[in-house]
Amino acid sequence: MPGLFDLSGKVALVTGANTGIGQGIALALAEAGADIAAAGRSAATETVDKVQALGRKAENFRADLSSVAAVQPLVDAVLGEFGRIDVLVNNAGIIRRADAVDFTEEDWDAVMDTNLKTLFFLCQSVGRHMIARGSGKIVNIASMLTFQGGIRVPSYTASKSGVGGLTKLLANEWAAEGVQVNAIAPGYIATNNTAALQGDETRNRQIMERIPAGRWGDPKDIGGAAVFLASSASDYVQGHILAVDGGWLAR
Ligand code: NAP
C-alpha cells in the first residue's frame with residue numbers, strides 16, 4: 001500500500017509554503033518522498049529547513065502572487081532548479097473582511113487577483129508543462145465558502161467559489177492529458193488567516209459548536225488529503241473538491 005502514496009522522486013511546487021496550511025502540506029508531501037519548491041512572498045526558511053531535515057531537497061522561491069507577472073518567472077525558476085514539476089499546490093491566498101454594503105473595490109481586486117486570477121495562470125503555466133510530459137497533479141485550495149455563502153467576505157466567497165469551478169473546468173480539459181486537477185476544501189483551520197475569528201470570543205464559540213469534531217483543524221490535518229491527491233492513489237479522481245472539515249459540511 002505505501003507505494004500508492006509514495007512521492008519519491010517527485011517535485012512539488014507549493015505556494016504560500018512558509019506558514020499555515022501551505023507549510024503543513026509541504027511537510028506532508030516531503031514525508032511522502034517529494035522534493036519541495038516553496039514559493040511565496042515571504043521566505044519559507046522554516047519550511048525549507050524542515051523538509052531538508054527529512055532528507056529531501058527544498059528550495060525557496062520568492063514570488064508576489066498578487067500579480068500574474070510573477071507566474072512565469074516563478075515557473076521558469078523552479079524548472080531551472082528542479083527540471084520538472086510533478087505536483088502543483090495552489091495554496092497562497094488572502095481574505096478581507098467587511099460588510100457587503102461597505103466593501104471596497106480594492107478589497108475585491110486584491111482577493112480575486114491572488115486567490116483566483118494568479119491561481120488560474122499558475123495552473124495554465126504548470127499545466128502546459130504537465131501536458132507536455134503527459135502527467136501531473138494539481139491541487140487547488142478551496143474553502144467551505146466554495147459551497148457556502150459565508151458572511152462579510154464577499155470577494156473571498158467569490159474567489160473560492162471560482163476555485164471550485166475552475167478546478168472542474170481544468171479537470172474536464174486535462175483529464176485525457178494525464179493531468180489530474182482536484183481541490184481540498186479545508187474547514188476551520190487555526191492559522192494566521194483565521195486569527196481574527198479565533199480571537200473573537202462569540203464567533204469562536206459559534207464555530208466550535210458547529211464543528212462535529214469539536215475542535216479547530218490543524219494545518220497537519222490537511223496533509224493526508226494533499227498526499228492522496230498528489231499521488232497515484234488518486235489517479236482516477238478528477239475535478240473533486242475534498243472537504244477536510246471535521247464534519248462541518250455534514251452538519
Ligand atoms: P495563512 O497562514 O495566512 O497563509 C497564507 C499563505 O499565502 C502565506 O504563505 C502567505 O504568505 C501566502 N500569500 C498571501 N498572499 C500572497 C502573495 N501575494 N504572494 C505570495 N504568497 C502569498 O493562511 P492559511 O489559513 O494557511 O491559508 C492557506 C490557504 O488555505 C488560503 O488559500 C486560504 O484561503 C485557504 N483556507 C484556509 C482556511 C483556514 O481555516 N485557515 C480555510 C479554508 C481555506 P505571507 O506569509 O507572506 O503572507
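Helix H3 (residues 71–82) passes helix H4 (residues 105–133) in a right-handed crossing, a crossing being right-handed if the near helix is turned clockwise from the far one by less than a right angle, and left-handed if anticlockwise. This is a predicted model, in which local features need pLDDT of at least 70 and side-chain atom pairs count only at pLDDT 80 or more, whereas totals for chains, interfaces and linings use all residues. Residues are numbered from 1 along each chain as its sequence is written, and side-chain values use heavy atoms, with hydrogens and water left out. Helices are DSSP runs (H or I, at least four residues) numbered from the N terminus.

**Packing of H3 and H4**

- H3 and H4 pack at an angle of about 40°, with their axes 10 Å apart; axes are lines fitted to C-alpha atoms over the stretch in contact, and angles run from 0 to 180 degrees between N-to-C directions.
- The contact (heavy atoms within 4.5 Å) involves Val 71, Gln 72, Leu 74, Val 75 and Leu 79 of H3, together with Thr 118, Phe 121, Leu 122, Ser 125, Val 126 and His 129 of H4.

- The axes of helix H1 (residues 20–31) and helix H8 (residues 220–230) come within 8 Å and cross at roughly 55°.
- H1 and H8 are therefore oblique to each other; angles under 35 degrees count as roughly parallel, over 145 as roughly antiparallel, 65 to 115 as roughly perpendicular and the rest as oblique.
- H1 passes H8 in a right-handed crossing, with Ile 21, Gly 24, Ile 25, Ala 28 and Leu 29 of H1 meeting Ile 222, Gly 223, Ala 226, Val 227 and Ala 230 of H8.
- The contact of H1 with H8 comprises eight nonpolar, two polar and no charged residues.
- The axes of H1 and helix H2 (residues 45–53) come within 10 Å and cross at roughly 15°, and the two helices are therefore roughly parallel to each other.
- The crossing of H1 and H2 is right-handed; Gln 23, Ala 26, Leu 27 and Ala 30 of H1 are in contact with Glu 46, Thr 47, Lys 50 and Val 51 of H2.
- Four nonpolar, two polar and two charged residues form the contact of H1 with H2.

**Cavity**

- There is one cavity of 30 Å³ or more; on a 1 Å grid over the protein atoms alone, a cavity is a set of points where a 1.4 Å probe fits but cannot get out, a pocket is an open set with protein on both sides within 12 Å along at least five of seven lines, and lining residues have an atom within 4 Å of a point.
- The largest cavity has a volume of about 50 Å³, a volume being the space filled by probe spheres set on the grid points, which are joined across faces, edges and corners.
- Its lining includes Thr 15, Leu 65, Asn 90, Thr 114 and Leu 122, and H4 supplies the largest share, four residues.
- By class, the lining of the largest cavity has four nonpolar, five polar and no charged residues.

- The largest pocket has a volume of about 1200 Å³; of its 48 lining residues, Gly 93, Ile 94, Ile 95, Tyr 156 and Asn 193 are the closest to its centre.
- H1, H4, helix H5 (154–174) and helix H7 (201–210) each give two or more residues to this lining, and H7 gives the most, with four residues.
- The lining of the largest pocket has 19 nonpolar, 21 polar and eight charged residues.

How values were computed
Ala, Val, Leu, Ile, Met, Phe, Trp, Tyr, Cys and Pro count as nonpolar, Asp, Glu, Lys and Arg as charged, and the others, Gly among them, as polar.
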